Amino acid sequence: MKVWLARTSDYDSKTLEKVEELLNAYDGPLSFKCHAAIMDDSIITKGYIIPDKAMNAITKFRKEQKIDSSDFFCLYTNTRFSNNFFTHGDGHRNFIIHSGDWGIYTNAGNIFPDSYLLYSNILKSFIYKDYETMYEHLHQDDSLGCYMDLCADKREILLKLRTGDICDKCLDDIQKEHLDGRLLGQILDAFEGLRKQLLFRNRLEIETRLSRIEIIKGKFILIDYGNIELNFSPVRKAIYKLFLESENGYTFAEILGQEKRLLELYKSFQPNKTVEELSSTLNLICDPHAMRIHEEISKINAEIVKKLGERVSVNYIISGERGEKRKVNYKAN
Ligand SMILES: [Zn+2]
């Protein structure tokens, strides 16, 4: 059973290839294939797709492209539908899926929901004889996390995808149809597999996404980690800021050459002290024989590791090999 994947010009071909790969990752009678032709923009009216009109265009397209009537056909688009739905089918193995806006709800990208919706549409088409019957069976009032939930917003589709579930009533409907076990197996494996991948991606995002550092009233605040503060003394603030400002970092010898900037920064964090007082502190720290700069940097790093943990702090500490430049991997954009 072939399933053709097509796109409008606003849906990227590379993304469609990723969706194809994801869909084909589950064994069974359904095989998915990107169609080379692009659906032309005549189905877009005043910036919207009118679903019924699009279905007519798809029927025509299938004829032109000599697509077998037993094949499925799914059009992906980033253009909204005039009725605000996210997916539509005509009961004749044709679907259209609106892929836009996922970025608001998930960092995992659109390929998981785009793939899930197609598998879910295909299952519905086997269980309910036509689009109207299917629509009547949708869970209109509550989101149960079931594939038959009518989703009013994309968050609810993500809920379905996260649960990957089918409620008891819908399971009954599925049992009654005595579907080919391999086909049902493929679809259920896909629900489960896509669910796991989405959750894994989301977790990975949470763990590795870096927070911006902002200096707010003289404090170093990680604004995307719930406003965690890196608590540094004024001189450490000056040193850390010096490294944040530098693209390539400094060797210890080069830090000594940055006295002027270091003093400006120090003054900005310690405005009540005189330049002489500040200079004498800096001279002690930067004294090439004492090398107290090592100690200050290791105190800075200790505070970062304490607040952020080993894994995340790698991006924020002042690091570098012996004798090499030291730098902060995090870069403010
Ligand atoms: Zn259900």
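This is a predicted model: local features need pLDDT of at least 70, side-chain atom pairs count only at pLDDT 80 or more; totals for chains, interfaces and linings use all residues.
Zooming out, β1 and β5 belong to an open sheet of five strands with mixed pairing, ordered β2-β1-β5-β7-β6. The edge spots go to β2 (31-34) and β6 (87-89); each has a single partner strand, so one side of each has no neighbour in the sheet. On average, neighbouring strands here are turned by 20° against each other, ignoring direction.

## Helices on the sheet

Two helices to look at next. α1 (residues 13-23) packs on the sheet and touches β1, β2 and β5, with its direction at about 170° to that of β2. α3 (residues 111-127) also packs on the sheet, but its contacts are with β5, β6 and β7 (94-98), and its direction makes about 150° with that of β7.

## How α1 meets α3

What angle do the axes of α1 and α3 make where they cross? Roughly 55°, with the axes coming within 9 Å. That angle makes α1 oblique to α3, and the crossing is right-handed.

On the α1 side, the contact involves Thr15, Lys18, Val19, Leu22 and Leu23; they meet Ile111, Asp114, Ser115 and Leu118 of α3. By type, the contact residues split into five nonpolar, two polar and two charged.

## Domain layout

The chain is divided into domain 1 (2-208) and domain 2 (213-328). Taken over C-alpha atoms, the centres of domain 1 and domain 2 are 51 Å apart.

Terms used
Residues are numbered from 1 along each chain as its sequence is written. Two strands pair if DSSP finds at least two bridges between them. Helices (H or I, at least four residues) and strands (E, at least two) are DSSP runs, numbered from the N terminus. Axes are lines fitted to C-alpha atoms, for helices over the stretch in contact, and angles run from 0 to 180 degrees between N-to-C directions. Two residues are in contact if their C-beta atoms, placed from the backbone, lie within 7 Å. Domain bounds come from an automatic or database domain assignment. Angles under 35 degrees count as roughly parallel, over 145 as roughly antiparallel, 65 to 115 as roughly perpendicular and the rest as oblique. A crossing is left-handed if the near helix is turned anticlockwise from the far one by less than a right angle, and right-handed if clockwise. Ala, Val, Leu, Ile, Met, Phe, Trp, Tyr, Cys and Pro count as nonpolar, Asp, Glu, Lys and Arg as charged, and the others, Gly among them, as polar.
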